[in-house]
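Please look at the model shown here.

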Amino acid sequence: MVDIMALDAVTSTGAADPVAASNGHHGYPKQLEITENELWLLSYYRESELAGALLMGRLARETDDDDLRVRLTEHCAEEARHAWAWTEAILKVGGTPRRVSETYQSRYHAAVGNPSNLLEVLALTQIFERRVVRHFKAHLSWPGTHPEVARTLQQLIDEEVGHIRWVKDRLDAYGAVHGESVVKEMLDRFQRIDEQVYGELRQYATCFEQVAGPRRIAIDSIEHRLRRVAADSLGRQPSEIRLDASLVEMGVDSLDLVVFMMAVEDEFEVEFTREDQKLMRTLGDVALKLGYVQDR
Ligand SMILES: [Fe+2]
Ligand SMILES: [Fe+2]
């Protein structure tokens, strides 16, 4: 079993010490209520949110685009708030944030350097934010996740979706001017880097192995997989999912739709254009489109 703390020297002895784990902050539990490994993982999330805030802030200062300056500043503020949300979650489970010397972004940076133009910034952000949502969802499904950690994960999943949406809108606008294939190529490039980076992290912890295990082999029918994805991402029972009902009838609002489409794209490894999405009004339409895409 590989210890996630191998990445950083957390304590001088390396042993989980309940006294050392107590945070001493007034009003918070004195005993650590999660494992040392999970504390490290939450500290890693916290550090990555901070790195995201700093990156967005730097880009906001550098951009010549007035609209982008507003978006990036808002994004910077939200990532900073997320770093605080993890800090609070750590305190509430009786811990103190660990000093973590690297982040997901630092691994990205090592692989690609700083994004040098608008398309790179947007594509990197899009792929990265999707990874965060997918990873947080996986973490949420781990058995025995502390309720405070689960609450924070859910809150951040909901908020990260807003990030994915604004970046997707900007990517679509970029594609309309410069061509969809240019955008797709850049997304594919960052997708490959993301898979490499996430793959590297798997070696560090059994808890990462749980979330980064091999993709499910596609032996189910498209319909069955689609029902499962819809039930998971919309928070319904599979029996409640009807292929002939319109997404609007099922009460899917625009935010749910972004999450749902993203989950479908991940499951089937496809990318829908905005035009495709407009034409898909029912799950049956989505299934038809997927049948078409997969047979090509
Ligand atoms: Fe975030
Ligand atoms: Fe984000």
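In which helix is the place of arginine 227? Arginine 227 sits in helix H9, residues 222–234; helices are DSSP runs of H or I with at least four residues, numbered from the N terminus. This is a predicted model, in which local features need pLDDT of at least 70, side-chain atom pairs count only at pLDDT 80 or more, and totals for chains, interfaces and linings use all residues. Residues are numbered from 1 along each chain as its sequence is written, while chains are lettered from A and ligands numbered from 1 in the order in which they are written.

Arginine 227 counts as buried because it has 22 C-beta neighbours inside 10 Å. The term buried asks for 20 or more other C-beta atoms within 10 Å of the residue's own, with C-beta atoms placed from the backbone. Leaving out residues up to four places away in sequence, arginine 227 touches Pro238 and Ile241; contact means that the two C-beta atoms, placed from the backbone, lie within 7 Å. Isoleucine 241 is 14 residues from arginine 227 along the chain, and their C-alpha atoms are separated by 6.3 Å.

Leucine 153 belongs to helix H6, residues 147–178. Leucine 153 is buried because 24 other C-beta atoms lie within 10 Å. Beyond its neighbours within four places in sequence, its contacts are Phe136, His139 and Leu140.

The largest nonpolar core has 55 residues, and Leu42 and Ala123 have the most contacts inside it. Such a core is a set of buried Ala, Val, Leu, Ile, Met, Phe, Trp, Tyr and Cys residues joined through C-beta atoms within 7 Å. Helix H2 (residues 36–62) gives the most to this core, twelve residues.

Conventions. Helices (H or I, at least four residues) and strands (E, at least two) are DSSP runs, numbered from the N terminus. A residue is buried if 20 or more other C-beta atoms lie within 10 Å of its own, exposed if 12 or fewer, and partly exposed in between; C-beta atoms are placed from the backbone.
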